[in-house]
Amino acid sequence: MPKNFGFVSTRFAGTDGVSLESAKWAEVLWDDRHVSYWYSGQSDRAPGVSLCVPEAHFNHPESVWINERIWGRTRRPRLVSHRIREVADYLKGTLYQFVTEFGIDVLVPENALTIPMNVPLGVAITEFLAETGMPAIAHHHDFYWERTRFSVSAIQDYLDMAFPPRLPNLAHTVINAAAQQQLSLRKGVGSLLVPNVFDFEKEAPQPDAYSADVRKEIGLEEDDLFILQPTRIVPRKGIEHAIKLVSRLKRDKAKLVISHDAGDEGYEYKHMLEEFAREEGVDIRFIGDRVSEVRQLDAEGRKLYTLWDLYPHADLVTYPSTYEGFGNALLEALYFRKPVVINRYSIFIEDIEPKGFKLAVIDGFITTEVVRMVRRLLEDKAFRAEIADHNFKVAKRYYSYAVLRRSLRTLITNLTGWSPKTR
Amino acid sequence: MVTYLTQQQASRIEGRFRRLYGPRASSLLDRFFMLLGRYGVGVGPIEKMPLWDENDTVLITYADSIRQEGERPLVTLRRFCAEYLKGTIRTVHILPFYPWSSDDGFSVIDYRKVEPSYGHWDDVENLGKDFNLMFDLVLNHCSRKSAWFREFVTGVAPGRHYFHSMDTSLDLSKVVRPRQSPLLTKTATRNGNAWVWTTFSDDQVDLNWANPDVLFEFLDIFFLYLSKGCRIFRLDAVAFLWKSIGTDCLHLPETHEVVKLFRDVLEVVAPASILITETNVPHEENISYFGDGDEAHMVYNFTLPPLLLHALLRGSAAELTRWAGGLPNLPPGRTFFNFTASHDGVGVRPLQGILPDSERDWLAKEVSRRGGKVSLKSNSDGSTSPYELNISYVDALGDRKDEPLGTRRFLCSQAVALSLRGVPALYIHSLMGTGNDLDGLKRLGYNRAINRRKLDIGELTATLADLDSRENRIHTTLIKWIRRRGHHPAFHPDAPQEVMDLGPEFFALRRISLDRAETIFCLFNFTATEQALPFRKIDACLGVAGTCRDLISAQTMRTGPKRTLTLSPYQAVWLVYRSGS
């Protein structure tokens, strides 16, 4: 029986993991005739199926004001408690409105009960679920205990209550095994591991008329070696390893292209990278001003490209992160059948590596072995194709929509007793 | 912790929501109730304090009008104000100090931040320790470079609904606006090209107030500014706020309703704070923003700067007297913001219906003759006419051949502004006696730059210390007058005013304190020659033997039936009568 699913988060917009994965969940639910609706503080979802409540955004000024007063300290002013409760009560009202307006049957809190970027929203969802008993599936991407900036707080009471809550009508899903273990240990609740997925049942799109000129537009020549770092410029992305690798490849025509901007966590890291690239003699290009979530023209009339426009043109993808909650960029690169250099971050070691991918792997620093492997990937076309095929098959087996479909059906049946066959 | 909202306040605010947003009123009231207490605003019992008194004077300045190399301009401003103006000026109006992209601050990128090159919020709050603060609320439009507009372009809510995306086939010919740039500006968005409403320039995109999320953005900003110490809110270009296709989109009822709503909100959370509307339009339209005592507390007295300038240059106060005599007798709690110069030019549109066009054009020529610029607007018949005079008010009234005389004429104008019923406001370049900035005009290429000079604090303080300088004469005189004014309850903004017609050579008015214990006769010679006037003609009480004291010169003079008051060219006097006993 088709049901209405209400996804709830601080933001459904852009290319962050929560926005991307929730859209995939909706796509898979749609295949089972379920309809998804969206509640968030910032939204790029269609107006007819979404409710945007600005106060729910983690960047809403009140949320920022609260966050400035609850992290990195152990006591909070009375006014902060007052505001958390006032905003939570208001947000709860808007959740009731959302559920009524769209006839929601199952609520899907997307990271909103996981990372306390908007504490009142977490409290609101918790109370809403406690009051209504509505079946809900919390999709946890990254818990607060995984981030050092949340390690000292003045809101342990609210964290215990709502991040995440323990409620009989609330099922939990996590994206990696470490999170599953920690959730069990800290909160005493079980969860289902639902990794991030990709539609490996479809082949990746190839360049069309719009994206045919990507190389030229971003300043690369036809015979340049296009090495793509498809991430934002923040320290945990380990971009200095990509620079070192390109340096050691000793290829004159190699260009290291960083697709996204700096700024989320300041510009010092970017400046360090520029300096390091200069010292290593690496040609590094920052093209964040030419990359957008959708194809469009910028204020100067220049074409903006999506990441998917870039991938087909890349010769190699670097992903030397020191930490990732999962690693969507890895799946994306494998989807486009690109050779990948990856650093062994903890989730990769525990969850992804055992699946049997063939990747150029670094373990904290660039070795001669990895340089040799990358050279072969770049120079030996047959080897490159063989590796790409292998990786695509492995990814399809473990990280395709079919995997997600099975998980969601199980969750829905467990929570509600509904099953696809009864529809 | 308690937030207070009486049943009466709640139903009034809900009524406003209903008139603006229809059936969503009830949920918007919930949202408003949630807002109470944000940033600590509206929590606990709210004290009701007087809005103003005779000590209220406002300084209008940019955050960086005074600079010192290596120091944040807001720190420099505070330093200067603390040393030169503390105890004299009560309120500092810092013109938009938020990150901006054009129009010297009025194209705001982020309303919640301080432009980093000016300083930090702490600097603003520190200034607020010594002075009341006045901020701009630029309601009508924001910068194309704002995050809101970026959301519009990328189709992300809530910003995707914050602007007017127009159908170009609509007839918008009735829309009234003060610019010649295209009303609609083409913008590439995620969903194709959109034509957005741009009243002032293509960089200043009009906000869609029919969307309650826009209102709540500004209510949040309003609360933030209150929490930072703002006491007076200037509602910039508010007349254009609401759009309704088929109308002139000027002063629409919904626009007034939004002003009333802000007033209601202030009554709930900060009843001692003040709303001032900035509507540079003909006088009657301008004062419509007083509403029925339920809109602005203050309106800019836009007619004063051009009419005063005209009267002093013509040497005849006849029109000024006629106009001032017809000003409404405002009840307490409503008053004029009496300024003569500001960061903008001297708008001449408010002269409409007061002076014939030929006199307006004469004034424009006089301004040009004094090195100023005249900004023109296009008329529907293809002709052009002046809409703004760009010149330093000091130079507009100056005299190249006889500087002391010109200085006296300028000071006379300021004495008038200090005397009229209302809160006087002095632009920094009037208070410092700064002349036209011809280099700035040339460098920046727009007319208003002529009166937006940036002053180096070292040079400024040296000039002010130079006893022979025009700047010293003007500054010290004005400071003295403002201080003296503050000791006299007859200058209370609510104290009645009676304009007297003593002939075109004079402008004269009587101010009477609220308790009627003090009467001050303010007389000004508007000519370049000495003028004599029998005391008895000023008022019967001055026609009997006794003395009166001129507060401006601190001189005592004898009055009586045969005694005469002699005023030197452009002299101003504030006479307080003392009986013969």
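Angles under 35 degrees count as roughly parallel, over 145 as roughly antiparallel, 65 to 115 as roughly perpendicular and the rest as oblique. The structure is a predicted model, in which local features need pLDDT of at least 70, side-chain atom pairs count only at pLDDT 80 or more, and totals for chains, interfaces and linings use all residues. Residues are numbered from 1 along each chain as its sequence is written, while chains are lettered from A and ligands numbered from 1 in the order in which they are written.

**View 1. Packing of helices α1 and α15 in chain A.** Helix α1 (residues 17–31) and helix α15 (residues 401–416) of chain A pack at about 70°, with axes 10 Å apart; α1(A) and α15(A) are therefore roughly perpendicular to each other. Axes are lines fitted to C-alpha atoms, for helices over the stretch in contact, and angles run from 0 to 180 degrees between N-to-C directions. Helices (H or I, at least four residues) and strands (E, at least two) are DSSP runs, numbered from the N terminus. From α1(A), A:Lys24, A:Trp25, A:Val28, A:Leu29 and A:Asp31 meet A:Tyr401, A:Leu404, A:Arg405 and A:Leu408 of α15(A). Residues are in contact if their C-beta atoms, placed from the backbone, lie within 7 Å. The residues of this contact comprise six nonpolar, no polar and three charged. Here Ala, Val, Leu, Ile, Met, Phe, Trp, Tyr, Cys and Pro count as nonpolar, Asp, Glu, Lys and Arg as charged, and the others, Gly among them, as polar.

**View 2. Strand β6 of chain A and its partner β1.** Strand β1 (residues 4–8) runs parallel to β6(A) and is joined to it by four bridges; strands pair if DSSP finds at least two bridges between them. A:Gly6 has A:Leu107 as its bridge partner in β6(A). In β6 (residues 106–109), A:Val106 and A:Val108 point one way, A:Leu107 and A:Pro109 the other way, and all are buried. A residue is buried if 20 or more other C-beta atoms lie within 10 Å of its own, exposed if 12 or fewer, and partly exposed in between, with C-beta atoms placed from the backbone.

**View 3. The side of chain A that touches chain B.** Contacts link 21 residues of chain A with 20 residues of chain B. The elements of chain A that give two or more residues to this side are β4 (42–43), α2 (61–68), α3 (78–102) and β13 (296–297). Of these, α3(A) gives the most, with eight residues. This side of chain A divides into 10 nonpolar, five polar and six charged residues.

Technical notes: Contact = placed C-beta atoms within 7 Å.
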